[in-house]
Amino acid sequence: MSASIDLDTLTDFFDRYGAALTAADVPAIAACYALPGLVVADSYSFSFTSPAAVALSFVGAAPDYRERQLVAAHAQIRDVQWLSGALTLVAVEWEYLDSAGRAVPGESYQYLLRTTPSGPVICTVIRAG
């Protein structure tokens, strides 16, 4: 890969990822991940090596989104560090929209992305608080 990913491509990627999350479109969520992938938080870490494993890790999120009546997710890109021609570390703060049209504060994450010929994919997700 000769060039780092640009900000427009990152924005498009996170728009697509956020739409998949709030629609509980598990195949679309899984397509956003590199394999193997890793999720890291304060009290746990897990990895996945197949699209089915990615899907299983997100099955529990769908009921939470429905319960909170979240209908849209917007990624506010806070920082981008181009680590190499193919690797980019992106700090994202998620903001959600509920069914009444109200903004709902979300969580912050760091995403390590790899640029592939078909676009960025998530290698590692770190819950940032």
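**View 1. Cys-123 and Cys-32 sit too far apart to bond.** The sulfur of Cys-123 lies 12 Å from the closest cysteine sulfur, in Cys-32, which is too far for a bond. A disulfide here is a pair of cysteine sulfur atoms within 2.5 Å, and by this rule the count comes to zero disulfides. Cys-32 is in no disulfide. Cys-123 is buried, with a relative accessible area of 8%, and Cys-32 counts as buried too, at 2% relative accessibility. For these labels, buried means under 20% relative accessible area, exposed means over 50%, and partly exposed is in between (1.4 Å probe, protein chains only).

A quick note on what you're looking at: this is a predicted model, where local features need pLDDT of at least 70 and side-chain atom pairs count only at pLDDT 80 or more, while totals for chains, interfaces and linings use all residues. Residues are numbered from 1 along each chain as its sequence is written, and side-chain values use heavy atoms, with hydrogens and water left out.

**View 2. Glu-93 and Arg-78 form a salt bridge between two strands.** The closest N and O atoms of this pair are 3.3 Å apart. The bridge links distant parts of the chain, with Glu-93 in strand S4 (residues 87-98) and Arg-78 in strand S3 (residues 70-82), 15 residues apart. Glu-93 is partly exposed, at 32% relative accessible area, whereas Arg-78 is exposed, at 52%. To count as a salt bridge, a side-chain nitrogen of Lys or Arg has to be within 4 Å of a carboxyl oxygen of Asp or Glu; by that rule the count comes to two. Helices (H or I, at least four residues) and strands (E, at least two) are DSSP runs, numbered from the N terminus.

**View 3. Arg-102 pairs up with Asp-98 in a salt bridge.** Here the closest N and O atoms are 3.0 Å apart.

View 4. Strand S1 (residues 33-40) and strand S2 (residues 45-48) pair in the antiparallel sense over four bridges; pairing takes at least two DSSP bridges between the strands. Look for Gly-37, whose bridge partner in S2 is Phe-48.

**View 5. Helix H3 has buried residues Val-54, Ala-55 and Phe-58.** These are the buried residues of H3, which covers residues 51-59. Seen down the helix axis, they fall within an arc of 100°, so they line one face of H3. The arc is that of the directions from the helix axis to the C-beta atoms.
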